[in-house]
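Trainee: I would like to learn how to read salt bridges in a model. Where do we begin?

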Amino acid sequence: MPDASPHDPPRVAVLADSDTRWKWGAHTARRLVPGAALQGYLLRGRATPTARQLAETGTGADQVREITAAGFLTELGRGTHQVLVLACVGGTVQALLHALADVWKGNDRRPVVVTGYVGVVYEKLTDGLLLRHGADVVLANSPYDLRRFRAVYEGVRADASAVTECALPFLGGERYRPPAPGTRPHRVVFAVQPSVPGSRADRSYLLERAMAHARRHPDREVIVKLRSRPGEQTTHVEELPYQRLAERAGDRRPANFSLAYGNMGEVLDTTDLLVTVSSTAALESLHRGIPTAVLTDLGIREPLGNHYFTGSGCFASWDELDAGHRPEPDPAWLADQGLAADPEAAWGPARDRLAALLDAPRPALTPYYTRRTAPGYLPGILARHDTAAPAGSHRLLRQAARATYRTAAQRIAPIIRRWGQL
């Protein structure tokens, strides 16, 4: 593998399987390696984002191309990158770690593998972490996550040294300042989520309450910030788009109520109150000092994810917001979530770890799950991701990837046909 010139930043590859994970992966790469030559890959599948979705992430999506799992492994086997960011669901990360371990077998100058989570981790903590174990760097977005991640690994006798503190990579923007009187209307933004809540009744209720808030306060603008257009896919499946529910409201929609798309950072530039059930947008909002409300109307429950904000001081109901209440976040909670620190400074530990890894030979990738430690679990994960290939297939793929492109294409064709598309 050719090393980068000492004067050049490492070459970075980012593999993502949805719009939100691409946003996290691309921003992570740029925080981790400022000035990096970034090559983006979108894993072909259910949630492959559209050009419109990519544009809303604000990450320079013109550098991204779609690829299959087999094609990606071939690309990485050619040895043109020094850093690989896996911005994928846990099962995909685990399958790729096993495949890449075979592709890079005996190569101590392989890329440094980095992975992590898109936002708040409120479910499947242990499962998700163990599926990501084996990467060289597992990023923790806050001091809170750092403690939790290390505790999980240490609790199962797994190496926890890869867990490294940072901050959510897309935190930033100007601190909130209330608009001067008469310059623009007070703007309330309801940041919706594709799958939370899930029922038609609950989603209709939240939409009705947002419209009721607009009627109660005609001097305000109430905007429902949408994630995707009908037919587009996201990290989570949206079976009941708010657009469809809003269409049925017809004439009951007040004039100061609207639906909107767009980059969340740009939307927050003119937001005076951010309302959500449990969206990661709340963290972006809180970091900028924007008044932020986490709704309690449907309860504070694990399936909703809003239990994560316990202790934040941000809980409120639509009734309370209608009456003028503005939640005051707890400073200690903000600090523990990495929302009070300078985002650039928060990435210092991760950059230091990456530099140390780049300066030394890299050991083989060793995921926690193996056919010996999890014989009833791992084979199913590999089979679902088409990486349970016949013995020797990874070796052939590795050899093919080191050959010329023409030869590689000829030699891996049978393997790709066996693996299919991820």
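Mentor: Begin with Arg216, which is exposed at a relative accessible area of 54%. Buried means under 20% relative accessible area, exposed over 50%, and partly exposed in between (1.4 Å probe, protein chains only). This is a predicted model, where local features need pLDDT of at least 70 and side-chain atom pairs count only at pLDDT 80 or more, while totals for chains, interfaces and linings use all residues. Residues are numbered from 1 along each chain as its sequence is written, and side-chain values use heavy atoms, with hydrogens and water left out.

Trainee: Which side chain meets Arg216 in a salt bridge?

Mentor: Side chains of opposite charge can pair when their charged atoms come close. A salt bridge is a side-chain nitrogen of Lys or Arg within 4 Å of a carboxyl oxygen of Asp or Glu. Here the partner of Arg216 is Asp322, at 3.8 Å from N to O. Arg216 belongs to helix H7 (residues 200-216) and Asp322 to helix H11 (residues 318-322), so the bridge ties together parts 106 residues apart in sequence. Helices (H or I, at least four residues) and strands (E, at least two) are DSSP runs, numbered from the N terminus.

Trainee: Is Asp322 buried or exposed?

Mentor: Asp322 counts as buried, at 9% relative accessibility. Both residues also belong to a network of salt bridges that links Arg209, Arg216, Asp297, Asp319 and Asp322.

Trainee: How many salt bridges does the rule give?

Mentor: The count is 18. One of them joins the side chains of Glu344 and Arg31, at 2.6 Å from N to O. Glu344 sits in helix H13 (residues 343-346) and Arg31 in helix H1 (residues 19-32), so this pair ties together parts 313 residues apart in sequence. Glu344 is partly exposed at 36% relative accessible area, whereas Arg31 is buried at 14%.

Trainee: What does the secondary structure of the chain come to?

Mentor: The chain has 17 helices and 13 strands. Of its 422 residues, 54% are buried. Contact means heavy atoms within 4.5 Å; among contacts between residues at least 6 apart in sequence, 74% join residues at least 24 apart.
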